[in-house]
Amino acid sequence: MGDDDAEITAWALAAGRGDREAAARFIRATQQHVRRFVAHLISPAEADDLTQETYLRAMRSLPSFAARSSARTWLLGIARRTAVDHVRAATSRPRTVPLSEWHDTPDTRGSGFDGEVVLNDLLLALPADRREAFVATQVLGLSYAEAAEVCGCPVGTIRSRVARAREDLVVAVEGNPRAIRRRPGSAAG
Amino acid sequence: MGCEQWREILSAQLDGEETPAERIAADAHLDGCVACRVWCDRAATVTRRTRLTLSTADRRDPTADTPGRLRSTAACPDLADVVLAALPVPRRLRDRLVPGLRTGLALIGALQLVLGLAQVGRGPAAGHAHGALDTLASGHLWHESAAWNIAVGAGFLFVAARRTPTGGLLPMLSAFVGALVLLSANDLVTGRVEPTRLVSHGFLVTGYLIVVALSRPRLRPDGPAGRGRGDRPAWRLRTDDVPAAAPTVRLLPPYAGSARTRDRSAA
């Protein structure tokens, strides 16, 4: 992952200087990460829009990207802010999408696991700060230090948020054992 | 230390982020605390399940008990083209070029203004023999040319400061610069002016070229100015290029060769 990171950061720097080829590589190398991050922070149904928004923001600020952190965590930080802004905008106006529809997109995720849907529900039920720490470290596989950069908080905060998220999930799973049982062949939902 | 804090350490341990000292202490605590042992098992199960079902293909794997690659992510559309297409291509060039040109123009305008004012103050006898000393002693002509210098400087400053389209200034400046160049060349040939005197016209010519450059459609400041989103495509639909399709004769449905009834009103 270290080599990857160095390469991605190099692409980001080149893209900041106006190299469109490097920008395309940068996007292709990171888009799955970003999509997963926002899908689990907000909802899979809105992942594409939010990913696109993230990249549009990132491209605008790429010229000022100075590689103080790796391009991947820099980008995920932008994704996180995009998600936060999205939530803020969504709560400031009446909700038009009923909650049940949020998870009604099994095909786009190509999932064979019923558990994924349930797990997703449980994740989305977590408080936002715990969810982002948990998703960044568990789903994206970032280290605590990287997650701290993404979330803009101290490493210790990430550590305690991940632990709280685990506690919440343990409690939630006890009430919903389907989340850890695999049920192949069943339709999602 | 309460179980709450131990569980934070246990959680860190699941991610491989604990310190060696914490690991030893936590192990000791687990030996004595059944509740935490149960919790730790469950947390590990949840973690494993989360990583199995939700994790990415290329992530690091601190506990090494989950297969890294579970399902392909090929179903996700490639955003690179979409995002790049949404970016304005000429924006970077424009953003760098236009402010530079504009500052240059402002400098030249200011210089031109100072030159003109100095010319007013100095009078024709003080500095350069402009070749007019002999006959007319032309104080007024000198002032007139000073006024021109001031006017041109003011025009340059205006264009630089206001970001307005430079269109209206172009014909006048073109004629002025063109005439001046021709006349200067003529004067140079007939020896009526020193070459050093012509150097000051260099500012004018440079400023003129910048104004021409700024009036190029791609650099024109009437686009999304400054820090706007700049999302607009670089091309524009020129409606006047499209020939107005207004055929004067229109064929009505009973075309030649098609079957028709004799009475057209019945058709």
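Reader: Which residues of α3(A) meet which residues of α4(A)?

Author: Two residues are in contact if their C-beta atoms, placed from the backbone, lie within 7 Å. Here L50(A), E53(A), T54(A), R57(A) and A58(A) of α3(A) meet L75(A), I78(A), A79(A), T82(A), A83(A) and H86(A) of α4(A). These residues comprise six nonpolar, three polar and two charged (Ala, Val, Leu, Ile, Met, Phe, Trp, Tyr, Cys and Pro count as nonpolar, Asp, Glu, Lys and Arg as charged, the others, Gly among them, as polar). This is a predicted model: local features need pLDDT of at least 70, side-chain atom pairs count only at pLDDT 80 or more, and totals for chains, interfaces and linings use all residues. Residues are numbered from 1 along each chain as its sequence is written, while chains are lettered from A and ligands numbered from 1 in the order in which they are written.

Reader: At what angle do helix α3 and helix α4 of chain A pack?

Author: Axes are lines fitted to C-alpha atoms, for helices over the stretch in contact, and angles run from 0 to 180 degrees between N-to-C directions. Helix α3 (residues 47–61) and helix α4 (residues 71–91) of chain A pack at about 120°, their axes 9 Å apart. Therefore α3(A) is oblique to α4(A) (under 35 degrees is roughly parallel, over 145 roughly antiparallel, 65 to 115 roughly perpendicular, the rest oblique).

Reader: How many helices and strands does chain A have?

Author: Helices (H or I, at least four residues) and strands (E, at least two) are DSSP runs, numbered from the N terminus. Chain A has nine helices and zero strands. Of its contacts between residues at least 6 apart in sequence, 66% join residues at least 24 apart.
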